[in-house]
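Work through the exercises below with the sequence and the model side by side. Try each task before reading its solution.

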Amino acid sequence: MVGQTAQITRSYSKDDLAAYAALSGAGSSSDHVPEPLIAALFSYLLGVELPGAGTNYLKQELSFKTDAPLIGPLVAKVEIMRLRPEKHLVDLWACCSGPDGTVICEGRSLVKAKDVAGAF
């Protein structure tokens, strides 16, 4: 349903950043969360929460406004903006904010879902 939302709150530690650096080969930074870890929060929401299982990413556009601080929780949220049941498409707005409410990034996602007409 248009307007339906899902969100997750996640804090990252220095150990999380070290594990990410080891897996990705990227350098580690001790003062902010890397952008791919933030984008992964949206992947989780879309694949597990809304629309959920069977969702396939088609497109994601994110605009990062500022670095995400390592201290405190991040809140990632997706909201259904448009449904196109005839094509099984769902357009969603995505936003991640920091502990003080500052917008870290925002953008849109386009996904293909199993049951656009009645599942949500």
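The exercises below cover a nonpolar core and several salt bridges.

The model is predicted, so local features need pLDDT of at least 70, side-chain atom pairs count only at pLDDT 80 or more, and totals for chains, interfaces and linings use all residues. Residues are numbered from 1 along each chain as its sequence is written, and side-chain values use heavy atoms, with hydrogens and water left out.

**Exercise 1. The core**

Task: Find which residues of the largest nonpolar core touch the most other members, and which element gives the most to this core.

Solution:
1. A nonpolar core is a set of buried Ala, Val, Leu, Ile, Met, Phe, Trp, Tyr and Cys residues joined through side-chain atoms within 4.5 Å. Buried means under 20% relative accessible area, exposed means over 50%, and partly exposed lies in between (1.4 Å probe, protein chains only).
2. The largest nonpolar core has 27 residues, and V33, I38, F42 and V78 touch the most other members.
3. Helices (H or I, at least four residues) and strands (E, at least two) are DSSP runs, numbered from the N terminus. Two or more core residues come from each of β1 (5-10), α1 (14-24), α2 (35-49), β5 (74-84), β6 (89-97) and β7 (103-112).
4. With six residues, α2 gives the most to this core.

**Exercise 2. Around F42**

Task: List the contacts of F42, leaving aside neighbours within four places in sequence.

Solution:
1. Contact means heavy atoms within 4.5 Å.
2. On that basis F42 is in contact with Y57, Q60, L62, A76, K77, V78, A94, C95, C96 and C105.

**Exercise 3. Salt bridges**

Task: State how many salt bridges the structure holds, then examine the pairs R10 with D16, E106 with K65 and R108 with D91.

Solution:
1. A salt bridge is a side-chain nitrogen of Lys or Arg within 4 Å of a carboxyl oxygen of Asp or Glu. The structure holds five.
2. In the pair of R10 and D16, the closest N and O atoms are 3.4 Å apart. R10 is partly exposed at 30% relative accessibility, and D16 is partly exposed at 26%.
3. E106 and K65 meet at 3.6 Å, N to O. E106 lies in strand β7 and K65 in the loop between β3 (56-64) and β4 (68-69), so this pair ties together parts that are 41 residues apart in sequence.
4. R108 and D91 meet at 2.7 Å, N to O. Because R108 lies in strand β7 and D91 in strand β6, the pair ties together parts that are 17 residues apart in sequence.
5. R108 is partly exposed at 29%, whereas D91 is buried at 8%. Salt bridges that share partners join R84, D91 and R108 into one network.
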